[in-house]
Amino acid sequence: MKNLYLLLLLCIASSISVNAQEADYTSFVRPNIGSAHSRYFFYTPAALPFGMAKLAPSTNGSYGNKSGWEAVGYDDRHQSIEGFANFHEFQIGGLLFAPTVGKLQTKPGTLEDPYSGYRSMFDKKDEYATAGYYRVKLQEYDVVAELTATERVGYHRYTFPKTDSAHIIFDIGHQLGESGPVRDAEVFFANNSVWGYVITQPVYVQKYQEGADIRMYFYAELDKSPTAVGVFNDQKAIAGQQHIKGAGSGLYLTFTTAANEAITIKTGLSYTSIENAKDNLAHEGRSKNFDQARTAATQKWNSMLGRIQVEGGKTSDKTKFYTGLYHALLGRGLASDVNGSYPKNDGTIGQITRKNGIPVHHHYNTDAIWGAFWNLTQLWAIAYPEYYNEWIQSQLLVYRDAGWLGDGIANSKFVSGVGTNFTGLAIAAGYNVGIRNYDIEEAYAAVRKNELEGRDRIPGAGKLDVAMFVRNGYVPFVPDETGAPELMTQGSPFGASHTLEYAFSASAAAQFARALNKQADYKQFVSLSTGWRTLYDAKTGFIRPKDTRGAFLDKFNPFQSWRGFQEGNAWQYTFYVPHEPEELVKRVGHRNFVHRLDSIFTVSQKNVFGGGTHIDAFAGIEGLYNHGNQPNLHISWLFNFADRPDLSQKWVRAICDEFYGTDGVHGYGYGQDEDQGQLGAWYVLASMGLFDVKGLTAADPSFQIGTPLFDKITISLPKDIRPRPFVISITNPQENGIYIDKVQINGRPQKMLSLPFRELSHGGKLEVTKKASHF
């Protein structure tokens with residue numbers, strides 16, 4: 001009996017071990033996928049979902065960012081690391097820490113000449129990255145660097161060899177990533193603590209709010225006393241000094257270490273003050289050592305990634321899935337402190353309302369929402385509605401403070417990436433799917449203003465030419481002679497794409513108005529939503545720009561980008577009618593529509609559905625289809641509106657298999673523009689077999705159904721958010737086909753391949769039966 005009892009315990013332990021292993025979704029996360037030529041905010045393994053502290057190695061983050069969006073930060077092809085940065089957001093970057101041994105150096109050096117500074121070579125076999133943790137061995141110094149984080153606290157652990165010249169460099173006053181030139185910096189040391197700030201002026205902030213800046217504060221505590229301290233700037237190092245101020249400022253600490261001795265730095269971060277950075281550290285970091293923080297980070301990631309559990313299918317697809325989901329959860333980060341302080345648009349400090357001492361919501365930084373309705377917002381609505389709600393509340397904070405919705409916000413400063421503004425559409429879609437824990441009348445007023453008003457519109461609100469759209473029903477093409485097309489008011493060199501975008505937004509606002517019984521607004525929005533029809537040229541079968549007189553532009557070339565179309569061309573943008581796809585099919589002609597679209601994908605497959613293997617953010621914008629950029633992301637699903645869902649099933653699967661990869665270079669295309677998790681989120685949706693061309697903007701939003709890549713998918717949220725799970729399953733998983741024979745929702749056969757959002761939110765089951773073949 002005793003032996004039987006022991007055997008039973010062993011079986012239970014084995015079962016627990018297997019289940020724990022299956023629940024470790026971070027084991028599928030590979031942050032290095034697609035990190036070649038990636039944006040600064042892309043590679044931040046040591047972070048929590050939507051966190052403020054986003055730690056990562058920097059290989060070329062100090063190289064500058066002339067245009068504000070160039071790919072700098074970490075590149076999988078690089079072989080040396082200059083240090084480890086703490087802040088990574090759109091237009092925000094700073095605070096580089098670097099451990100070294102030997103001769104003190106205070107400049108990072110270059111990729112071309114790594115020995116000219118404190119950077120170090122490293123070997124890929126000595127590097128490990130996953131969700132919430134990063135480790136690498138710096139070859140020059142025989143130092144193992146590890147990173148992890150809580151929401152607002154970054155943890156660095158550097159394990160040194162035996163030496164009396166171990167150094168930690170705090171490079172505070174230099175530009176990192178997209179942050180822009182440094183205006184000021186200051187750093188202090190006392191009692192094993194280092195604290196200070198850096199103030200930068202990013203390109204996009206200056207474009208939309210000239211003179212405004214971004215402020216980053218920190219308070220770091222070390223668990224070992226240094227033997228020496230000093231400061232430096234771009235001119236010289238000063239031994240013994242413990243304080244320095246000005247651009248280029250930094251501080252260094254020197255230690256005597258035993259073999260394999262670790263020094264841990266806990267760094268509280270804040271966008272409001274040093275005091276709040278210290279307070280964030282006290283609340284989140286004081287009670288956790290490095291290993292405890294790492295364990296907690298893994299648990300948090302597994303909790304969030306595990307809201308969508310996939311079973312069956314290929315391991316490589318699971319890797320793509322959970323890495324894509326990881327990037328989607330990483331893209332936008334906290335901007336408010338533990339106590340609810342947050343940076344306001346005017347540079348002052350705001351206070352989020354507190355209940356029982358706890359802020360009622362958080363505030364977040366965010367890149368533009370351009371294209372995110374075809375990936376991020378749908379994913380938020382499916383699995384992270386509480387974040388979607390807080391995203392809306394963040395937008396309304398800025399609206400309340402500055403009078404306008406911002407397309408993107410960096411510390412509440414306006415950073416409209418492409419000069420348009422889809423925030424109103426995303427708020428309206430959120431309302432549609434039941435996300436409503438905010439002042440709804442205020443939200444509607446903000447949306448209405450965003451879509452209709454041009455008078456006194458500030459640059460940061462984007463779509464400065466919206467008055468032309470409201471007056472004419474379209475935005476006229478006007479050549480750019482200023483070098484700042486985003487700031488033009490009487491038209492735009494991107495007039496055609498703006499017309500399509502504003503029409504889509506108007507359609508979303510119409511449903512919001514209708515739901516609130518704003519009948520006059522509803523009628524106006526519906527009228528504006530048809531503006532795209534004005535630009536449809538029946539003779540050529542393309543959307544075609546018009547000039548200020550209402551005439552189509554001459555010398556029309558549908559392959560030409562940047563003439564009437566932003567980051568795309570007429571081949572691509574002609575399909576940009578997501579709110580009225582049936583009407584677009586009717587105008588093009590059903591047979592012609594299907595033939596044209598199918599031919600586009602047949603040709604584009606040869607270019608990996610984008611720019612081929614050419615590594616560039618804009619590779620593919622003059623092609624027929626470009627999955628590497630936002631305006632195209634709904635197109636493969638349009639066959640569903642032309643009675644050929646089989647072709648959507650075919651081409652969506654091909655894109656999942658071929659555009660997306662699992663290595664540093666071939667990840668999201670080849671060095672394409674992965675804007676804060678958008679391409680990753682698209683893959684997550686597509687591999688689940690769910691997508692809404694209309695971006696949840698219809699009155700009763702629903703997903704088009706595709707063929708899932710996995711045998712079973714379970715969407716399960718905390719019960720206080722959504723009581724019942726929703727399960728998607730393949731009834732004949734042994735069948736290798738990619739085409740759908742039939743579907744059932746909660747046992748009910750469906751005539752249409754459509755899943756109403758309300759069915760998903762109520763919980764239940766979608767069963768997909770595949771065909772044995774296409775025919």
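**Exercise 1. How many salt bridges does the rule find across the interface of domain 1 and domain 2?**

Before we start, a word on the model: it is predicted, so local features need pLDDT of at least 70 and side-chain atom pairs count only at pLDDT 80 or more, while totals for chains, interfaces and linings use all residues. Residues are numbered from 1 along each chain as its sequence is written, and side-chain values use heavy atoms, with hydrogens and water left out.

Step 1. Find the two parts: domain 1 covers 25–305, and domain 2 covers 314–320 + 366–685. These bounds come from an automatic or database domain assignment.

Step 2. Apply the rule, which asks for a side-chain nitrogen of Lys or Arg within 4 Å of a carboxyl oxygen of Asp or Glu. Across this interface, two salt bridges are found.

Step 3. Take a look at Glu-486 and Lys-207, a salt-bridged pair whose closest N and O atoms are 3.2 Å apart.

**Exercise 2. Describe the contact between the two domains.**

Step 1. Begin with the spacing: the C-alpha centres of domain 1 and domain 2 are 35 Å apart. Domain 1 gives 31 residues to the contact and domain 2 gives 38, where contact means heavy atoms within 4.5 Å.

Step 2. Count the polar contacts between the domains: 11 residue pairs, both residues at pLDDT 80 or more. Such a contact is a pair of N or O atoms within 3.5 Å; within protein, one must be able to donate a hydrogen and the other to accept it, and residues adjacent in sequence count only if both atoms are side-chain atoms.

Step 3. On the domain 1 side, α2 (203–208), β14 (214–222) and α4 (290–305) each give two or more residues. Helices (H or I, at least four residues) and strands (E, at least two) are DSSP runs, numbered from the N terminus.

**Exercise 3. Which parts of the chain does the salt bridge of Glu-386 and Arg-307 tie together?**

Step 1. Check the pair: the N to O distance is 2.8 Å.

Step 2. Glu-386 sits in helix α7 (residues 385–402) and Arg-307 in the loop between α4 and β20 (308–311), so the bridge ties together parts that are 79 residues apart in sequence.
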